[in-house]
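Welcome, and please have your viewer ready. We will go from one selection to the next and look at what is there.

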Amino acid sequence: MRLDEYQERVGQFADYPPAVVHGNNVKLVYPVLGLAEEVAELHEKMQTGADRLEVSKELGDVCWFVQEVASCLGIKMSQLSRTMKTTVTLDVLSGTVCGVLAKAVRDTDGLLRPKGVDKIIDTLSQILSKVEEVAAEYGFQLEDVMRGNYNKLASRKSRGVIHGSGDNR
């Protein structure tokens, strides 16, 4: 599954309202916060020695939020460079995205300026590269992770459990 195909197919599962910040609808709030949460869950799985399939599921969840942030910005996932190698950790990278949005909420009522958009796009590129790197460490390719995530979400949707919490619902 290619990046843009993944983005198009899993984008259908996005079902959340924008947050209201000083009267403005800010669609980015949920996916940015969700990205940070999923990175934390991935980190926990890796630190506690979860099996490789559980790690793959969390990587897929991170991919979902990367695509959703990109979609909210009108960016195709294929526009995110995967050649950026970084020593920065996923938690720092997701925190960077949160920080850009926090400053936009504080300073411009939630409206991102071009410099902020560029910073988020650059950081999403680094996150996607890092996800690909972690996936390889666990014996997966990024395409496998994305396909697994799509299948998981499609199954949840068909069973009426797309909303809720818990990894294995």
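**A short tour by selection**

Start with G139: just after helix α5, G139 takes a positive phi of about 85 degrees. (Helices are DSSP runs of H or I of at least four residues, numbered from the N terminus.) You are looking at a predicted model, where local features need pLDDT of at least 70, side-chain atom pairs count only at pLDDT 80 or more, and totals for chains, interfaces and linings use all residues. Residues are numbered from 1 along each chain as its sequence is written, and side-chain values use heavy atoms, with hydrogens and water left out.

Now step back to α5 itself, residues 114-137. Its 24 residues reach 35 Å from first C-alpha to last, close to the expected 34 Å (1.5 Å times one less than the number of residues).

Next, select 3-11 and 142-158 together, which are α1 and α6. Their axes come within 10 Å and cross at roughly 10 degrees (axes are lines fitted to C-alpha atoms over the stretch in contact, with angles from 0 to 180 degrees between N-to-C directions). The two helices are therefore roughly parallel (an angle under 35 degrees).

Show side chains here: L3, Y6, R9 and V10 of α1 meet L142, M146, N149, Y150 and L153 of α6 (heavy atoms within 4.5 Å). Seven of these contact residues are nonpolar, one is polar and one is charged.

Finally, stay in α6 and pick R156. Is R156 buried or exposed? R156 is buried, at 6% relative accessible area (buried means under 20%, with a 1.4 Å probe and protein chains only).

Key: Parallel < 35°, antiparallel > 145°, perpendicular 65-115°, else oblique. Nonpolar A, V, L, I, M, F, W, Y, C, P; charged D, E, K, R; others polar. Buried < 20%, exposed > 50% of the residue type's maximum accessible area, 1.4 Å probe, protein only.
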